[in-house]
Amino acid sequence: MKNTVTEKLFQSPSKYIQGPAAIKNAPKYLGQLGNTALLIADDNVYKIAGTALTQSLESAGLKVAYVRFNGEASADEIARVRDVGTQNKVDYVIALGGGKTIDTAKAVADKLNVPSAVLPTTASTDAPCSALSVIYTPHGEFDSYSFFNKNPTVVLVDTSIVAKAPARFLSAGIGDALATHVEAREVRTATNFGGGLPTLLAGAISAKCEEILFKYGKLAYEHNKVGAITPALEAVVEANTLLSGLGFESGGLAAAHAIHDGLTALEPTHKMMHGEKVNFGTVCQLILSNSSAEEMDKYMELMVSVDLPITLKQLGVTDVTPEELRHVAELACSGNETIWNLPYVINIDLVYNAIVGADAAGHDFLRRKGIKV
């Protein structure tokens, strides 16, 4: 169907704050949203940061109703948490944690028609800044995208907390963020998540995101391993969270994320993080884009340097049939998937062959580098 949209559109959170110990200033930024907050976090995150956040807000005269996140951003979980918010008559919702906690909180805020504040404790996804959530089944398979009328009002990233998280989280965030420009540059004539065409700014942001990842990604990963808050870590946290978030939402997604969605049908991938699955999808996107061998190597060099998977085996998929991979391709080509943003011919056969080809390219790269998996 021919695109008839002529307006460009860019959207973003109202305020983004990042820095060491930033959570100490939470009352300054969150107090503007109301008196009573619904705080969503899992048990581990609540122990790490939730208690201190609650004390900080309560010492400023604000009320906090805590609800434990059960681990899956599903429709049932969203409904359960929403009911807690309704019972407590909350003025806004706080997401404290990783991607699925954040997606759940944004959906709950939308259903309650209140603002949301996102406080990510890792830099593992670009979910914090966007006005959408990825919804899964209770068993962890991709279900749908849920779109909202507004972005989070406040995104506050405390890099003191992010630096203490396992480096695998930062690596997964790099995998998610590395897809941003690879996808956005292919879909400049398609409508973005806001329903408009990408602005020049969106393209510049996605390009800057990629530039930072190639410049500082490996360095930041090593710094994260020892809990060091450095300029390189700060740069990559910003790229993973802010630049990738703005870039994908206003620039557009394509095959990398669609193939991620298809991969969730393979049970072994449920143990892998979102960005790790997206990363393999990026290799597939490069295949579909007919990237040169030199360009493929450039991306896979960075991916491997931060321990991102570039083969199905590295995703935990060690015994898969052609029929199962074809099913992944079928799901990636579902009617509402982002793969249809691509300006060239797409079908199940092409996507299936891209998946097989990406796996072969990944194995070849590892073999040439002398890396055994």
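**Pockets and cavity of the predicted model**

The largest pocket holds about 960 Å³ of space; a pocket is an open set of points on a 1 Å grid over the protein atoms alone, with protein on both sides within 12 Å along at least five of seven lines, and a volume is the space filled by probe spheres set on points joined across faces, edges and corners. Its lining (residues with an atom within 4 Å of a point) comprises 43 residues, and Gly98, Gly99, Lys100, Phe169 and Met273 are the closest to the centre. The model is predicted: local features need pLDDT of at least 70 and side-chain atom pairs pLDDT 80 or more, while totals for chains, interfaces and linings use all residues. Residues are numbered from 1 along each chain as its sequence is written, and side-chain values use heavy atoms, without hydrogens and water.

Helix α4 gives the most to this lining, 5 residues (helices are DSSP runs of H or I, at least four residues, and strands of E, at least two, numbered from the N terminus). The lining of the largest pocket has 17 nonpolar, 16 polar and 10 charged residues (nonpolar: Ala, Val, Leu, Ile, Met, Phe, Trp, Tyr, Cys and Pro; charged: Asp, Glu, Lys and Arg; polar: the others, Gly among them).

The second largest pocket has a volume of about 390 Å³. Strand β7 (residues 142-147) supplies the largest share of its lining, 5 residues.

The whole structure contains 1 cavity of 30 Å³ or more, a cavity being a set of points where a 1.4 Å probe fits but cannot get out. The largest cavity holds about 40 Å³, and β8 gives the most to its lining, with 3 residues.
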